[in-house]
Amino acid sequence: MKDKLTMLENRLRELIEIRMVNVLFGLQAEHMIVQQLAAAIQPPEGESDEKPRPNVYTLLAHPETIARWQATPDFSETLLEILKAVASEANVRFASPPEITLAADESLELDNVRVVASYRVENLGETKGVADEALQERGDEESSANLPENAFLIVDSVKVFPLNKSVINIGRRLGNHLVINDPRVSRNHAQLRAIKGRFVLFDLDSTGGTYVNGQRVSQSVLYPGDVISLAGVPLIFGQDNPVPRPDLVDTAPLSPESGDRPTAILRNDTEKNKK
């Protein structure tokens with residue numbers, strides 16, 4: 001297992017140094033990306049090599065680093081080509097065509113990079129219009145029966161909060177399921193509700209706003225790899241090894257229209273929430 005991990009790291013590093021030598025802006029960033037991508041595509045010990053690996057890879061870095069990467073032509077596309085080439089050589093399969101997204105996290109140091117690997121599993125026909133119908137959904141019993149498998153939030157880039165309830169309230173108030181002690185966050189800021197096998201995020205009239213991938217939302221269906229900002233406080237939605245479900249047998253990658261998700265830029269809001 002260690003030999004394969006070393007092989008993956010060496011091959012990733014070799015191709016990155018050939019094709020992106022002056023792009024990653026520092027040996028430490030290169031080292032972190034190589035290590036974390038290799039670990040993400042290698043099956044965990046005890047699992048079959050045939051098991052598909054995650055198909056969404058989110059690179060978290062300081063906003064200045066993200067801005068430099070964005071200004072580099074074909075940065076994400078080139079890194080994705082390298083990842084797919086190394087995976088192909090190692091006979092690694094993805095759950096569906098993989099993608100690489102960028103997200104700015106102000107809590108990270110300039111030379112620090114974090115890679116979050118997750119699975120995108122969706123049925124386009126089923127999810128279309130879910131957000132519009134969500135406000136009409138009532139009854140936790142029905143939502144509980146459609147609780148997404150193995151979903152979680154990454155808080156402050158390191159803490160994992162499992163989403164194991166059909167309704168999860170988020171805010172500064174101590175009575176919330178997920179308490180975020182930050183003055184920018186409203187006492188009752190947002191709510192996650194499991195609807196039709198998806199988590200839908202609702203803004204609860206917060207002062208600082210709720211954002212998904214840089215866009216302010218009142219409600220939004222969440223997909224693995226989505227970056228949420230609660231008035232500037234970053235959260236990442238993920239779903240690790242979702243259990244196969246009969247209603248998702250006809251899965252498909254995102255269409256071009258729905259696949260072009262903007263890079264999330266998480267900013268600190270100066271307005272203090274008194275709510």
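Me: How many aromatic pairs does the count come to?

Reply: First, the basis: this is a predicted model, where local features need pLDDT of at least 70, side-chain atom pairs count only at pLDDT 80 or more, and totals for chains, interfaces and linings use all residues. Residues are numbered from 1 along each chain as its sequence is written, and side-chain values use heavy atoms, with hydrogens and water left out. Rings of Phe, Tyr and Trp (its six-membered ring) pair if their centres lie within 6.5 Å; planes under 30 degrees apart count as stacked, over 60 as edge-to-face and the rest as tilted. By this rule the count is three aromatic pairs.

Me: What type of pair do Tyr57 and Phe94 make?

Reply: The ring centres of Tyr57 and Phe94 are 6.2 Å apart. Their planes stand at 80°, so the pair is edge-to-face.

Me: How many residues apart in sequence are the parts that Tyr57 and Phe94 tie together?

Reply: Strands (E, at least two residues) and helices (H or I, at least four) are DSSP runs, numbered from the N terminus. Tyr57 lies in strand β1, and Phe94 in the loop between α4 and β2. The pair therefore ties together parts whose separation in sequence is 37 residues.

Me: Are Tyr57 and Phe94 buried or exposed?

Reply: Buried means under 20% relative accessible area, exposed over 50%, and partly exposed in between (1.4 Å probe, protein chains only). Tyr57 and Phe94 are both buried.

Me: What type of pair do Phe199 and Phe237 make, and which strands hold them?

Reply: The centres of the Phe199 and Phe237 rings lie 6.3 Å apart, with planes at 75°, so this pair is edge-to-face. Phe199 has a relative accessibility of 1% and counts as buried. Phe237 is buried too, at 2%. Phe199 is in strand β9 and Phe237 in strand β14.

Me: Why is β9 described as largely enclosed?

Reply: Arg198, Val200 and Phe202 point one way from β9, and Phe199, Leu201 and Asp203 the other way. In a regular strand the side chains alternate between the two faces of the sheet. The rest of the structure largely encloses β9 because the buried residues in this strand number six of the six.

Me: What is the order of the five-stranded open sheet?

Reply: Two strands pair if DSSP finds at least two bridges between them. Six bridges join β8 (190-195) to β9 (198-203), running antiparallel, and three join β9 to β12, also antiparallel. The pairing in this sheet is mixed, and the order is β7-β6-β8-β9-β12.

Me: Which strands are at the edges of the six-stranded open sheet?

Reply: The order there is β5-β4-β14-β13-β10-β11, with antiparallel pairing. Inside it, four bridges join β13 (227-230) to β14 (233-239). The edge strands pair on one side only: β5 (159-162) and β11 (215-216).

Me: Which side chain makes a polar contact with the side chain of Arg11?

Reply: Arg11 is in helix α1 (2-19) and counts as partly exposed at 22%. A polar contact is a pair of N or O atoms within 3.5 Å; within protein, one must be able to donate a hydrogen and the other to accept it, and residues adjacent in sequence count only if both atoms are side-chain atoms. At 2.8 Å, the partner side chain is that of Glu89.
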